[in-house]
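Here are my notes on this model, as promised. Have a look at the fold on screen first, then read on.

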Amino acid sequence: MSENAVKIFDVLVQYMCVEHIDYAIELGLQGIPSPEPKSQPDTYFFAVVGDANTIFHLFEKQFNDSLVPLISSSPKHSECVQRKRELMEQMENKLDVGLDRTLQAVIGWIKADLTLEQKRTDYKPESEEGPMQMYSQACTKVVKYVTSQYRIIRDRLDGKNVEAVLMELGTRFHRVVFEHLLQFQYNSMGAMLAICDVNEYRKCVKDFNIPLVTQLFDTLHALCNLLVVVPDNLKQVCTGDQLVVLDKSVVMGFVQLRSDYRTARLANQFKY
């Protein structure tokens, strides 16, 4: 009986795990877009991950419910358990590679959108007397795209995979926005628009329900407030709860982006 059970296990491994799951993962890996996509990347690999996990869970259930009772007292039991563990580790390693490369493509597209759509005059308009925008065109496009990827991840992945991938997406997204904002100079009206943009990003990632990501964008929002604070209040704001824990160079880096940094001698206000 145990010999027949092992043969069934071998068939399941070959035709379900190797020729079906592994083959699909390999095909999926080959089609992942580059980290610098020229058009909006297809993130179908999230679906590959979801389907592969679902099928492998069924394989594990079949193994535990039907095969283990037949081979539990056989020397083959430990061999089969070890082989199943190796298959799972191999699959997880390939899925991790695919997820990382897919996220690289997502982040690459966000960078491309920001580079193409964000104008320097968004954050430093020539006139500060016109009507104020609620948020920039670049922000609108990025929020729409990130939201679409959040929904795909939420719908296609399951369990801890959702949390892990959203954590990675959120932290990488924060890094992109942070570095993007450091490329500009801000007058008072432009700084207000930047604050509005970051607030939209903050609302977008709040749906992730990942405390670290929420905190990162809350802190970024606090940093952007340094762009509009009146000079006399800079020292007080810099020592607030959200900013006091940051490296002084990070805080200083944002203050230096103000168009009045030199004329208002803000470096003197910054000494604390």
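1. Ground rules first. This is a predicted model, where local features need pLDDT of at least 70, side-chain atom pairs count only at pLDDT 80 or more, and totals for chains, interfaces and linings use all residues. Residues are numbered from 1 along each chain as its sequence is written, and side-chain values use heavy atoms, with hydrogens and water left out.

2. Start with helices α1 (residues 2-30) and α2 (residues 45-71), which pack at an angle of about 175 degrees with their axes 11 Å apart. That makes α1 roughly antiparallel to α2. By class, this contact of α1 with α2 has 22 nonpolar, four polar and no charged residues. On terms: helices are DSSP runs of H or I with at least four residues, numbered from the N terminus. Axes are lines fitted to C-alpha atoms, for helices over the stretch in contact, and angles run from 0 to 180 degrees between N-to-C directions. Angles over 145 degrees count as roughly antiparallel. Ala, Val, Leu, Ile, Met, Phe, Trp, Tyr, Cys and Pro count as nonpolar, Asp, Glu, Lys and Arg as charged, and the others, Gly among them, as polar.

3. Now α2 against α3: their axes come within 11 Å and cross at roughly 175 degrees. So α2 is roughly antiparallel to α3. The residues of this contact of α2 with α3 divide into 17 nonpolar, four polar and three charged.

4. The C-alpha atoms of Ala 47 and Leu 157 are separated by 7.3 Å, although the two residues are 110 residues apart along the chain. Asp 51, also placed in helix α2, counts as partly exposed at 46% relative accessibility.

5. Which helices do the buried residues of α7 pack against? They pack against α3 (76-117), α4 (120-123), α5 (137-156), α6 (160-181) and α8 (211-225). Helix α7 itself (residues 188-206) has 19 residues and reaches 27 Å from its first C-alpha to its last, close to the 27 Å expected at 1.5 Å a residue (the expected span is 1.5 Å times one less than the number of residues). Its buried residues include Met 189, Leu 193, Asp 197, Glu 200, Tyr 201 and Cys 204.

6. Gln 118 deserves a look. It is found in the loop between α3 and α4 and is buried, with a relative accessible area of 6%. Its side chain makes a polar contact with the side chain of Asp 122 at 2.9 Å, and another polar contact, of 3.0 Å, joins the side chains of Gln 118 and His 180. A polar contact is a pair of N or O atoms within 3.5 Å; within protein, one must be able to donate a hydrogen and the other to accept it, and residues adjacent in sequence count only if both atoms are side-chain atoms. Leaving aside neighbours within four places in sequence, Gln 118 is in contact (heavy atoms within 4.5 Å) with residues including Asp 113, Tyr 123, Phe 184 and Asp 197.

7. Is Arg 258 buried or exposed? Arg 258 is buried, with a relative accessible area of 5%, and is found in the loop between α10 (248-255) and α11 (266-269). Its side chain reaches the backbone oxygen of Val 229 at 2.6 Å, while a polar contact of 3.0 Å joins the side chains of Arg 258 and Asp 260. Beyond its neighbours within four places in sequence, Arg 258 is in contact with residues including Gln 185, Tyr 186, Pro 231 and Leu 266.

8. Finally, backbone angles to check. Asn 209 has a positive phi of about 60 degrees although it is not a glycine; Asn 209 is in the loop between α7 and α8 and counts as exposed at 65% relative accessibility. Arg 265 has a positive phi of about 50 degrees, again without being a glycine; Arg 265 lies in the loop between α10 and α11 and is exposed, with a relative accessible area of 61%.

Conventions:
Helix = DSSP H or I, 4+ residues; strand = E, 2+ residues; numbered from the N terminus. Buried < 20%, exposed > 50% of the residue type's maximum accessible area, 1.4 Å probe, protein only. Parallel < 35°, antiparallel > 145°, perpendicular 65-115°, else oblique.
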